[in-house]
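Here is a brief report for a reader who works with models and cut-offs. Look over the structure first, then read on.

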Amino acid sequence: MAHANKWMIDPNDAVMLLIDHQSGLFQLVKDIELPILRSHVTALAKVARLAKIPTFTTASVPDGPNGPLIPEIHQSNPDAVYIPRTGQINAWDNPAWVKAIEETKRKTLLIAGTLTSVCMSFPTLSALVAGYKVFTIVDASGNWSKMATDLTVARVAQAGAMPIDTYAVLAELMSTWNRPDAMDFAAVMVDHIVPPYRALMESYDKAQSVQKVGRETKLDRLEAAK
């Protein structure tokens with residue numbers, strides 16, 4: 001029997017946690033362009049649904065200056081569960097949040113949050129103490145400065161979390177191209193993470209078409225007409 005790779009994500013043991021991706025907090029983000037951040041968060045919501053991973057969201061004082069969650073998350077993943085909290089800065093200090101995670105019986109947490117140095121890192125450190133394996137999704141967790149992000153990544157990694165990017169999360173959850181929904185994963189990849197991959201796919205499709213129906217440009221006829 002093959003042993004599980006403790007350094008990689010097991011989709012059957014994973015929970016996606018999207019924390020405080022709020023319109024007000026997004027205005028403080030300086031270490032990643034906002035359209036890219038929003039797109040990465042949307043990608044995580046979509047891929048979690050494709051991989052059938054329980055997904056929980058929460059927001060810090062959404063009726064105050066931090067603002068509401070960006071709507072793309074729940075639009076992209078209607079199965080995601082929003083868990084309100086009563087003022088706690090660290091989402092892990094909310095008993096309802098911890099209870100929801102515990103009830104999944106899963107022990108691997110995929111965490112992204114804005115701001116990185118607070119909303120992502122505090123629950124990460126708490127979850128590690130509680131015995132969870134944690135992957136921190138850095139490029140879906142905007143922060144107020146690059147220095148703050150660098151410090152936070154070092155802090156959570158030293159504590160035992162594994163920093164990761166959105167593309168790697170998608171690839172590990174997808175696992176294989178030999179699956180019926182492979183192109184659904186590819187669509188998320190192209191639409192939200194690596195748009196240039198669309199050109200590669202278009203070129204491949206054209207090459208396949210040439211093999212089936214022949215060349216579109218009849219160079220032999222052009223030569224004959226000279």
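## Basis

This is a predicted model: local features need pLDDT of at least 70, side-chain atom pairs count only at pLDDT 80 or more, and totals for chains, interfaces and linings use all residues. Residues are numbered from 1 along each chain as its sequence is written, and side-chain values use heavy atoms, leaving out hydrogens and water.

## Helix α6

Helices (H or I, at least four residues) and strands (E, at least two) are DSSP runs, numbered from the N terminus. Helix α6 covers residues 146-159. The expected span is 1.5 Å times one less than the number of residues.

Burial is set by relative accessible area: buried is under 20%, exposed is over 50%, and partly exposed is in between (1.4 Å probe, protein chains only). A148, T149, T152 and V156 of α6 are buried. Seen down the axis of α6, the buried residues fall within an arc of 95°, so they line one face of the helix. That arc is taken from the directions from the helix axis to the C-beta atoms. The buried residues pack against α5 (116-129) and β5 (133-137). On the face turned away from the buried side sit the exposed residues K146, M147, L151 and Q158. G160 follows α6 and has a positive phi, near 120°.

## Buried D20

D20 sits in the loop between β1 (14-19) and α1 (23-26). Its relative accessibility is 0%, so D20 counts as buried. Which residues does D20 contact, leaving aside its neighbours within four places in sequence? They are L25, T58, A59, S60, L69, R85, T114 and C119. Contact means heavy atoms within 4.5 Å.

Two of these partners also meet the D20 side chain through polar atoms. The D20 side chain reaches the backbone nitrogen of S60 at 3.2 Å. It also makes a polar contact with the side chain of R85, at 2.8 Å. A polar contact is a pair of N or O atoms within 3.5 Å; within protein, one must be able to donate a hydrogen and the other to accept it, and residues adjacent in sequence count only if both atoms are side-chain atoms.

## Aromatic pair

The structure holds one aromatic pair. W92 and Y132 form it edge-to-face, 5.6 Å centre to centre with 75° between the planes. W92 lies in the loop between β3 and α4, and Y132 in the loop between α5 and β5, so the pair ties together parts that are 40 residues apart in sequence. Rings of Phe, Tyr and Trp (its six-membered ring) pair if their centres lie within 6.5 Å; planes under 30 degrees apart count as stacked, over 60 as edge-to-face and the rest as tilted.

Both W92 and Y132 are buried. K107 lies over the face of Y132, 3.9 Å from the ring centre. For this, NZ of Lys or CZ of Arg must be within 6 Å of the ring centre and within 35 degrees of the ring normal.

## Backbone features

A cis peptide bond joins T114 and L115, with omega about 10°. L115 is in the loop between β4 (108-113) and α5.

K52 has a positive phi, near 60°. K52 lies in the loop between α2 (34-50) and β2 (55-58) and is exposed at 68% relative accessible area. K105 has a positive phi too, near 65°. K105 is in the loop between α4 and β4 and is exposed at 70% relative accessibility.
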